[in-house]
Amino acid sequence: MLYYLFEYLDKTLDIPGTGVFQYITFRSALALMLSLLLSTIYGKRIINFLRKQQVGETVRELGLAGQNEKAGTPTMGGLIIIFATLLPVLLFARLHNIYIVLLIVTTLWMGTIGFVDDYIKIFKKDKQGLKGIFKVIGQVGLGIIVGAVLYFNPAVTVRTDTGRTDVFRTTTNTTVILPAPIEEKSTATTIPFVKNNEFDYAELLAWTGEGYEKWAWLIFIPVVIFIITAVSNGANLTDGIDGLAAGTSAVSVLALGIFTFVSGNIIFSNYLNIMYIPNSGEMTVFISAFVGALIGFLWYNSYPASVFMGDTGSLTIGGIIAVLAIAVRKELLIPLLCGIFLVENFSVVLQVSYFKFTKKRYGEGRRIFLMSPLHHHYQKKGYHESKIVTRFWIVAIMLAILSIVTLKLR
(Lines give C-alpha, C1' and ligand atoms only; values in the text may rest on other atoms or scores of the structure.)
Protein backbone atom coordinates (compact mmCIF):
# COMPACT_ATOMS: atom_id res chain seq x y z
CA MET A 1 0.00 0.00 0.00
CA LEU A 2 2.82 2.38 0.83
CA TYR A 3 4.31 1.54 -2.56
CA TYR A 4 1.30 3.04 -4.31
CA LEU A 5 1.23 6.06 -2.00
CA PHE A 6 4.87 6.91 -2.67
CA GLU A 7 4.42 6.21 -6.38
CA TYR A 8 1.65 8.84 -6.39
CA LEU A 9 3.80 11.29 -4.43
CA ASP A 10 6.68 10.78 -6.85
CA LYS A 11 4.88 10.83 -10.19
CA THR A 12 2.07 13.27 -9.43
CA LEU A 13 3.45 15.64 -6.83
CA ASP A 14 7.13 15.13 -7.71
CA ILE A 15 8.24 15.17 -4.07
CA PRO A 16 12.02 14.60 -3.84
CA GLY A 17 13.09 11.27 -2.35
CA THR A 18 9.76 9.49 -2.78
CA GLY A 19 11.05 7.67 -5.87
CA VAL A 20 13.19 5.45 -3.65
CA PHE A 21 10.19 3.17 -3.22
CA GLN A 22 10.59 2.10 -6.84
CA TYR A 23 13.70 0.12 -5.88
CA ILE A 24 13.15 -3.50 -4.91
CA THR A 25 16.25 -3.53 -2.71
CA PHE A 26 14.97 -0.60 -0.62
CA ARG A 27 11.51 -2.09 -0.13
CA SER A 28 13.01 -5.51 0.64
CA ALA A 29 15.18 -3.99 3.37
CA LEU A 30 12.15 -2.26 4.90
CA ALA A 31 10.12 -5.48 4.72
CA LEU A 32 12.90 -7.43 6.45
CA MET A 33 13.27 -4.93 9.29
CA LEU A 34 9.53 -4.58 9.85
CA SER A 35 8.92 -8.34 9.86
CA LEU A 36 11.73 -8.81 12.39
CA LEU A 37 10.22 -6.16 14.65
CA LEU A 38 6.71 -7.56 14.32
CA SER A 39 7.72 -11.15 15.01
CA THR A 40 9.90 -10.30 18.01
CA ILE A 41 7.80 -7.55 19.62
CA TYR A 42 4.26 -8.68 18.83
CA GLY A 43 5.24 -12.34 18.83
CA LYS A 44 5.34 -12.26 22.64
CA ARG A 45 1.79 -10.89 22.74
CA ILE A 46 0.56 -13.62 20.42
CA ILE A 47 2.25 -16.25 22.59
CA ASN A 48 0.59 -14.83 25.72
CA PHE A 49 -2.77 -14.85 23.94
CA LEU A 50 -2.30 -18.48 22.91
CA ARG A 51 -1.35 -19.37 26.47
CA LYS A 52 -4.49 -17.68 27.84
CA GLN A 53 -6.58 -19.63 25.34
CA GLN A 54 -4.85 -22.79 26.59
CA VAL A 55 -3.56 -23.57 23.12
CA GLY A 56 -0.93 -25.94 24.47
CA GLU A 57 0.96 -28.75 22.80
CA THR A 58 -0.17 -32.28 23.61
CA VAL A 59 2.95 -34.43 23.66
CA ARG A 60 2.80 -38.09 22.67
CA GLU A 61 4.94 -40.42 24.75
CA LEU A 62 7.87 -41.31 22.49
CA GLY A 63 10.52 -41.92 25.13
CA LEU A 64 12.59 -38.89 24.13
CA ALA A 65 14.71 -36.90 26.58
CA GLY A 66 13.08 -33.63 27.69
CA GLN A 67 9.83 -34.52 25.98
CA ASN A 68 7.51 -34.19 28.98
CA GLU A 69 8.78 -30.69 29.77
CA LYS A 70 7.32 -29.48 26.47
CA ALA A 71 3.76 -30.42 27.34
CA GLY A 72 1.56 -27.33 27.50
CA THR A 73 3.90 -25.14 25.46
CA PRO A 74 1.74 -22.88 23.23
CA THR A 75 1.42 -24.07 19.65
CA MET A 76 -0.11 -22.45 16.54
CA GLY A 77 2.91 -20.13 16.60
CA GLY A 78 2.79 -20.18 12.81
CA LEU A 79 0.33 -17.31 13.23
CA ILE A 80 3.34 -15.17 14.17
CA ILE A 81 5.10 -16.10 10.92
CA ILE A 82 1.99 -15.44 8.80
CA PHE A 83 1.24 -12.09 10.48
CA ALA A 84 4.85 -10.87 10.35
CA THR A 85 5.12 -11.85 6.68
CA LEU A 86 1.86 -10.55 5.26
CA LEU A 87 1.78 -7.10 6.89
CA PRO A 88 5.14 -5.92 5.44
CA VAL A 89 4.17 -7.45 2.07
CA LEU A 90 0.89 -5.53 2.04
CA LEU A 91 2.76 -2.34 2.89
CA PHE A 92 5.80 -2.54 0.63
CA ALA A 93 5.08 -4.92 -2.28
CA ARG A 94 3.39 -4.20 -5.60
CA LEU A 95 0.12 -5.96 -4.88
CA HIS A 96 -0.90 -6.17 -8.54
CA ASN A 97 2.14 -8.35 -9.28
CA ILE A 98 0.89 -11.85 -10.14
CA TYR A 99 3.70 -13.55 -8.20
CA ILE A 100 2.92 -11.57 -5.04
CA VAL A 101 -0.77 -12.45 -5.39
CA LEU A 102 0.10 -16.15 -5.69
CA LEU A 103 2.34 -16.04 -2.62
CA ILE A 104 -0.32 -14.28 -0.53
CA VAL A 105 -2.91 -16.86 -1.61
CA THR A 106 -0.45 -19.66 -0.78
CA THR A 107 0.23 -18.25 2.68
CA LEU A 108 -3.47 -17.90 3.55
CA TRP A 109 -4.45 -21.21 1.94
CA MET A 110 -1.83 -23.39 3.62
CA GLY A 111 -2.10 -21.41 6.85
CA THR A 112 -5.83 -22.18 6.96
CA ILE A 113 -5.24 -25.92 6.41
CA GLY A 114 -2.62 -25.95 9.18
CA PHE A 115 -4.83 -23.89 11.50
CA VAL A 116 -7.76 -26.29 11.10
CA ASP A 117 -5.42 -29.22 11.78
CA ASP A 118 -4.07 -27.60 14.96
CA TYR A 119 -7.57 -26.56 16.06
CA ILE A 120 -8.84 -30.14 15.84
CA LYS A 121 -5.83 -31.45 17.78
CA ILE A 122 -6.14 -28.88 20.56
CA PHE A 123 -9.80 -28.10 21.01
CA LYS A 124 -11.36 -31.33 19.75
CA LYS A 125 -8.75 -33.39 21.64
CA ASP A 126 -8.07 -35.46 18.53
CA LYS A 127 -4.34 -36.17 18.32
CA GLN A 128 -4.63 -37.14 14.66
CA GLY A 129 -5.86 -33.68 13.72
CA LEU A 130 -7.25 -33.07 10.26
CA LYS A 131 -7.55 -36.32 8.34
CA GLY A 132 -4.75 -36.87 5.84
CA ILE A 133 -7.11 -37.06 2.89
CA PHE A 134 -8.39 -33.54 3.58
CA LYS A 135 -4.83 -32.21 3.88
CA VAL A 136 -3.98 -33.74 0.53
CA ILE A 137 -7.14 -32.32 -1.04
CA GLY A 138 -6.14 -28.87 0.21
CA GLN A 139 -2.60 -29.23 -1.14
CA VAL A 140 -3.85 -30.50 -4.48
CA GLY A 141 -6.30 -27.62 -4.65
CA LEU A 142 -3.52 -25.10 -4.13
CA GLY A 143 -1.38 -26.91 -6.70
CA ILE A 144 -4.15 -26.63 -9.29
CA ILE A 145 -4.53 -22.89 -8.62
CA VAL A 146 -0.79 -22.18 -8.73
CA GLY A 147 -0.18 -24.38 -11.77
CA ALA A 148 -3.13 -22.92 -13.71
CA VAL A 149 -2.13 -19.33 -12.96
CA LEU A 150 1.52 -19.85 -13.89
CA TYR A 151 0.51 -21.62 -17.09
CA PHE A 152 -2.42 -19.55 -18.32
CA ASN A 153 -1.86 -16.04 -16.91
CA PRO A 154 -0.42 -13.75 -19.63
CA ALA A 155 1.73 -11.89 -17.08
CA VAL A 156 3.86 -15.00 -16.45
CA THR A 157 6.50 -14.98 -19.17
CA VAL A 158 10.20 -15.69 -19.63
CA ARG A 159 13.09 -14.57 -21.81
CA THR A 160 15.83 -17.04 -22.51
CA ASP A 161 17.98 -14.99 -24.92
CA THR A 162 18.82 -12.12 -22.58
CA GLY A 163 21.92 -11.15 -24.54
CA ARG A 164 19.93 -9.83 -27.50
CA THR A 165 18.80 -6.20 -27.47
CA ASP A 166 17.25 -3.80 -29.95
CA VAL A 167 20.39 -1.64 -30.31
CA PHE A 168 23.01 -1.09 -32.98
CA ARG A 169 25.88 -3.53 -32.73
CA THR A 170 29.00 -2.78 -34.69
CA THR A 171 31.45 -5.48 -35.73
CA THR A 172 34.61 -4.97 -37.77
CA ASN A 173 32.92 -4.15 -41.06
CA THR A 174 29.19 -4.35 -40.34
CA THR A 175 26.57 -2.51 -38.31
CA VAL A 176 23.38 -4.45 -37.68
CA ILE A 177 20.22 -4.06 -35.65
CA LEU A 178 19.32 -7.09 -33.59
CA PRO A 179 15.66 -7.63 -32.68
CA ALA A 180 14.64 -7.22 -29.06
CA PRO A 181 14.29 -10.42 -27.05
CA ILE A 182 10.70 -11.61 -26.87
CA GLU A 183 8.85 -12.34 -23.65
CA GLU A 184 6.98 -15.56 -24.19
CA LYS A 185 4.77 -18.04 -22.40
CA SER A 186 6.78 -21.13 -21.57
CA THR A 187 6.85 -24.17 -19.33
CA ALA A 188 10.64 -24.20 -19.44
CA THR A 189 12.55 -24.83 -16.23
CA THR A 190 16.18 -25.06 -15.16
CA ILE A 191 18.18 -28.27 -14.77
CA PRO A 192 21.05 -27.79 -12.28
CA PHE A 193 24.64 -28.77 -13.13
CA VAL A 194 23.90 -29.00 -16.87
CA LYS A 195 25.47 -26.71 -19.48
CA ASN A 196 22.44 -26.24 -21.73
CA ASN A 197 20.27 -26.34 -18.68
CA GLU A 198 16.78 -25.51 -19.87
CA PHE A 199 14.10 -28.14 -20.10
CA ASP A 200 10.55 -27.61 -21.33
CA TYR A 201 7.85 -29.84 -19.83
CA ALA A 202 6.00 -29.55 -23.15
CA GLU A 203 8.71 -31.66 -24.79
CA LEU A 204 7.39 -34.67 -22.92
CA LEU A 205 4.38 -34.52 -25.25
CA ALA A 206 6.36 -34.10 -28.47
CA TRP A 207 5.51 -37.67 -29.45
CA THR A 208 1.84 -36.66 -29.86
CA GLY A 209 2.63 -34.63 -32.98
CA GLU A 210 2.23 -31.05 -34.12
CA GLY A 211 0.60 -28.62 -31.70
CA TYR A 212 1.67 -30.55 -28.62
CA GLU A 213 2.71 -27.32 -26.85
CA LYS A 214 -0.89 -26.34 -26.11
CA TRP A 215 -1.35 -29.48 -24.02
CA ALA A 216 1.71 -28.85 -21.84
CA TRP A 217 -0.56 -28.00 -18.88
CA LEU A 218 -1.37 -31.71 -18.62
CA ILE A 219 2.24 -32.23 -17.50
CA PHE A 220 2.96 -28.90 -15.81
CA ILE A 221 0.01 -28.72 -13.39
CA PRO A 222 0.49 -32.27 -11.99
CA VAL A 223 4.18 -31.48 -11.47
CA VAL A 224 3.22 -28.35 -9.51
CA ILE A 225 0.74 -30.35 -7.42
CA PHE A 226 3.37 -32.98 -6.60
CA ILE A 227 6.01 -30.40 -5.62
CA ILE A 228 3.69 -28.40 -3.36
CA THR A 229 2.42 -31.56 -1.65
CA ALA A 230 5.89 -33.05 -1.18
CA VAL A 231 7.61 -29.91 0.11
CA SER A 232 4.80 -28.91 2.49
CA ASN A 233 4.75 -32.42 3.96
CA GLY A 234 8.55 -32.39 4.19
CA ALA A 235 8.48 -29.15 6.18
CA ASN A 236 5.77 -30.62 8.39
CA LEU A 237 7.90 -33.67 9.21
CA THR A 238 10.96 -31.50 9.88
CA ASP A 239 9.10 -29.55 12.55
CA GLY A 240 9.93 -31.91 15.39
CA ILE A 241 12.41 -30.20 17.68
CA ASP A 242 13.00 -26.61 18.76
CA GLY A 243 14.20 -24.31 15.97
CA LEU A 244 14.79 -27.01 13.36
CA ALA A 245 12.11 -26.21 10.77
CA ALA A 246 12.30 -22.43 11.16
CA GLY A 247 16.11 -22.28 10.94
CA THR A 248 16.58 -24.62 7.99
CA SER A 249 13.67 -22.97 6.15
CA ALA A 250 15.16 -19.49 6.63
CA VAL A 251 18.38 -20.67 4.98
CA SER A 252 16.54 -22.20 2.00
CA VAL A 253 14.30 -19.15 1.54
CA LEU A 254 17.30 -16.82 1.67
CA ALA A 255 18.91 -18.78 -1.17
CA LEU A 256 15.67 -18.57 -3.14
CA GLY A 257 15.75 -14.81 -2.57
CA ILE A 258 19.05 -14.65 -4.43
CA PHE A 259 17.54 -16.65 -7.30
CA THR A 260 14.50 -14.41 -7.55
CA PHE A 261 16.58 -11.23 -7.49
CA VAL A 262 18.97 -12.28 -10.25
CA SER A 263 16.26 -13.95 -12.35
CA GLY A 264 14.13 -10.80 -12.19
CA ASN A 265 17.00 -8.50 -13.17
CA ILE A 266 17.88 -8.55 -16.86
CA ILE A 267 21.45 -7.35 -16.24
CA PHE A 268 22.29 -10.10 -13.74
CA SER A 269 20.44 -12.77 -15.69
CA ASN A 270 22.35 -11.76 -18.82
CA TYR A 271 25.69 -11.87 -16.98
CA LEU A 272 24.92 -15.26 -15.42
CA ASN A 273 23.39 -16.56 -18.66
CA ILE A 274 20.22 -17.69 -16.93
CA MET A 275 16.54 -17.41 -17.73
CA TYR A 276 15.16 -13.90 -17.26
CA ILE A 277 11.70 -13.91 -15.66
CA PRO A 278 10.04 -10.48 -15.96
CA ASN A 279 8.41 -9.15 -12.77
CA SER A 280 9.69 -12.04 -10.67
CA GLY A 281 12.12 -9.78 -8.81
CA GLU A 282 9.17 -8.44 -6.83
CA MET A 283 9.12 -11.73 -4.95
CA THR A 284 12.31 -10.55 -3.23
CA VAL A 285 10.14 -8.23 -1.11
CA PHE A 286 7.98 -11.15 0.00
CA ILE A 287 11.04 -13.32 0.67
CA SER A 288 12.66 -10.60 2.79
CA ALA A 289 9.52 -10.32 4.91
CA PHE A 290 9.31 -14.12 5.18
CA VAL A 291 12.94 -14.51 6.22
CA GLY A 292 12.53 -11.76 8.83
CA ALA A 293 9.44 -13.50 10.19
CA LEU A 294 11.24 -16.86 10.42
CA ILE A 295 14.26 -15.36 12.18
CA GLY A 296 12.02 -13.40 14.54
CA PHE A 297 10.05 -16.57 15.27
CA LEU A 298 13.33 -18.29 16.18
CA TRP A 299 13.67 -15.74 18.99
CA TYR A 300 10.93 -17.70 20.78
CA ASN A 301 11.24 -21.09 19.09
CA SER A 302 14.94 -21.73 19.77
CA TYR A 303 15.75 -24.17 22.59
CA PRO A 304 14.02 -24.22 25.00
CA ALA A 305 11.03 -23.20 22.88
CA SER A 306 8.44 -20.77 24.24
CA VAL A 307 6.15 -21.59 21.33
CA PHE A 308 5.78 -24.19 18.58
CA MET A 309 4.76 -23.29 15.05
CA GLY A 310 2.36 -26.22 14.69
CA ASP A 311 0.97 -27.25 11.35
CA THR A 312 -0.19 -23.65 10.95
CA GLY A 313 3.44 -22.73 10.42
CA SER A 314 5.05 -25.85 8.95
CA LEU A 315 2.53 -26.39 6.15
CA THR A 316 2.66 -22.68 5.30
CA ILE A 317 6.44 -22.69 5.15
CA GLY A 318 6.55 -25.72 2.87
CA GLY A 319 3.89 -24.32 0.56
CA ILE A 320 5.65 -20.96 0.22
CA ILE A 321 9.04 -22.56 -0.51
CA ALA A 322 7.49 -24.80 -3.17
CA VAL A 323 5.69 -21.93 -4.93
CA LEU A 324 8.80 -19.74 -4.83
CA ALA A 325 10.94 -22.45 -6.41
CA ILE A 326 8.35 -23.17 -9.11
CA ALA A 327 7.81 -19.48 -9.92
CA VAL A 328 11.54 -18.84 -10.34
CA ARG A 329 11.94 -22.05 -12.41
CA LYS A 330 14.21 -23.75 -9.87
CA GLU A 331 11.90 -26.56 -8.76
CA LEU A 332 14.34 -29.25 -9.93
CA LEU A 333 16.83 -27.79 -7.46
CA ILE A 334 14.53 -28.48 -4.49
CA PRO A 335 16.08 -31.91 -3.62
CA LEU A 336 19.39 -30.10 -3.10
CA LEU A 337 18.19 -26.78 -1.72
CA CYS A 338 15.69 -28.43 0.65
CA GLY A 339 17.85 -31.46 1.31
CA ILE A 340 16.91 -31.49 4.99
CA PHE A 341 13.22 -31.79 4.11
CA LEU A 342 14.04 -34.55 1.63
CA VAL A 343 16.10 -36.60 4.08
CA GLU A 344 13.51 -36.21 6.84
CA ASN A 345 10.74 -37.29 4.47
CA PHE A 346 12.80 -40.15 3.03
CA SER A 347 13.70 -41.44 6.49
CA VAL A 348 10.02 -41.87 7.30
CA VAL A 349 9.29 -43.61 3.99
CA LEU A 350 12.26 -45.95 4.45
CA GLN A 351 11.37 -46.74 8.06
CA VAL A 352 7.73 -47.55 7.34
CA SER A 353 8.48 -49.50 4.15
CA TYR A 354 11.25 -51.58 5.73
CA PHE A 355 9.14 -52.29 8.82
CA LYS A 356 6.23 -53.55 6.70
CA PHE A 357 8.54 -55.60 4.46
CA THR A 358 10.35 -57.32 7.34
CA LYS A 359 7.11 -57.96 9.20
CA LYS A 360 5.67 -59.68 6.16
CA ARG A 361 8.87 -61.62 5.44
CA TYR A 362 10.07 -62.53 8.93
CA GLY A 363 6.90 -62.12 10.99
CA GLU A 364 8.51 -59.34 12.99
CA GLY A 365 8.94 -55.72 11.93
CA ARG A 366 12.49 -54.34 11.95
CA ARG A 367 13.70 -50.74 11.82
CA ILE A 368 16.50 -48.96 9.98
CA PHE A 369 16.51 -45.98 12.36
CA LEU A 370 15.95 -45.93 16.09
CA MET A 371 13.06 -43.59 15.32
CA SER A 372 11.91 -41.52 12.37
CA PRO A 373 11.98 -38.75 11.22
CA LEU A 374 15.77 -38.62 11.25
CA HIS A 375 16.15 -35.96 13.96
CA HIS A 376 14.43 -38.31 16.45
CA HIS A 377 16.96 -41.02 15.54
CA TYR A 378 19.77 -38.76 16.79
CA GLN A 379 17.77 -37.89 19.89
CA LYS A 380 17.48 -41.59 20.65
CA LYS A 381 21.26 -41.90 20.24
CA GLY A 382 21.68 -39.38 23.05
CA TYR A 383 22.45 -36.15 21.15
CA HIS A 384 21.05 -33.01 22.74
CA GLU A 385 18.42 -31.44 20.50
CA SER A 386 20.23 -28.09 20.34
CA LYS A 387 23.28 -29.88 18.93
CA ILE A 388 21.13 -31.73 16.38
CA VAL A 389 19.48 -28.48 15.29
CA THR A 390 22.79 -26.62 14.95
CA ARG A 391 24.29 -29.38 12.81
CA PHE A 392 21.20 -29.55 10.62
CA TRP A 393 21.46 -25.77 10.16
CA ILE A 394 25.10 -26.16 9.09
CA VAL A 395 24.13 -28.81 6.55
CA ALA A 396 21.30 -26.57 5.29
CA ILE A 397 23.77 -23.70 4.82
CA MET A 398 26.16 -25.91 2.83
CA LEU A 399 23.31 -27.13 0.62
CA ALA A 400 22.13 -23.56 0.06
CA ILE A 401 25.62 -22.44 -0.95
CA LEU A 402 25.95 -25.35 -3.34
CA SER A 403 22.54 -24.46 -4.80
CA ILE A 404 23.61 -20.87 -5.39
CA VAL A 405 26.85 -22.05 -6.99
CA THR A 406 24.76 -23.83 -9.67
CA LEU A 407 24.15 -20.39 -11.21
CA LYS A 408 27.61 -20.69 -12.76
CA LEU A 409 28.58 -24.33 -12.11
CA ARG A 410 27.27 -26.07 -15.20
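Residues are numbered from 1 along each chain as its sequence is written. Because the model is predicted, local features need pLDDT of at least 70 and side-chain atom pairs count only at pLDDT 80 or more, while totals for chains, interfaces and linings use all residues; side-chain values use heavy atoms, with hydrogens and water left out.

**Exercise 1. Determine the span of helix H3 and identify what covers its buried residues.**

Solution. Helices are DSSP runs of H or I with at least four residues, and strands are runs of E with at least two, numbered from the N terminus. Helix H3 covers residues 78-92, 15 residues in total. Next, apply the burial cut-offs: buried is under 20% relative accessible area, exposed is over 50%, and partly exposed lies in between (1.4 Å probe, protein chains only). The buried residues of H3 include Gly-78, Ile-80, Leu-86 and Phe-92. Their cover includes helices H1 (2-11), H2 (24-52), H4 (98-123), H9 (283-301) and H10 (310-327).

**Exercise 2. Describe how H3 packs on H2, and how H7 packs on H10.**

Solution. Axes are lines fitted to C-alpha atoms, for helices over the stretch in contact, and angles run from 0 to 180 degrees between N-to-C directions. For H2 and H3, the axes are 8 Å apart at an angle of about 145°. Their crossing is right-handed, where right-handed means that the near helix is turned clockwise from the far one by less than a right angle, and left-handed anticlockwise. Contact (heavy atoms within 4.5 Å) is made by residues including Leu-34, Tyr-42 and Ile-46 of H2 and Phe-83, Leu-87 and Leu-91 of H3.

For H7 (residues 244-263) and H10, the axes come within 10 Å and cross at roughly 20°. H7 is therefore roughly parallel to H10, given that angles under 35 degrees count as roughly parallel, over 145 as roughly antiparallel, 65 to 115 as roughly perpendicular and the rest as oblique. The crossing is left-handed. Ser-249, Val-253 and Leu-256 in H7 meet Ile-317, Ile-321, Leu-324 and Ala-325 in H10.

**Exercise 3. Characterise the surroundings of Thr-187.**

Solution. Thr-187 lies in the loop between strand E2 (175-177) and strand E3 (188-190). With a relative accessible area of 6%, Thr-187 is buried. Its side chain makes a polar contact of 2.3 Å with that of Asp-200; a polar contact is a pair of N or O atoms within 3.5 Å, where, within protein, one must be able to donate a hydrogen and the other to accept it, and residues adjacent in sequence count only if both atoms are side-chain atoms. Beyond four places in sequence, the contacts of Thr-187 include Tyr-151, Phe-199, Phe-220 and Arg-329.

Technical notes
The expected span of a helix is 1.5 Å times one less than its number of residues.
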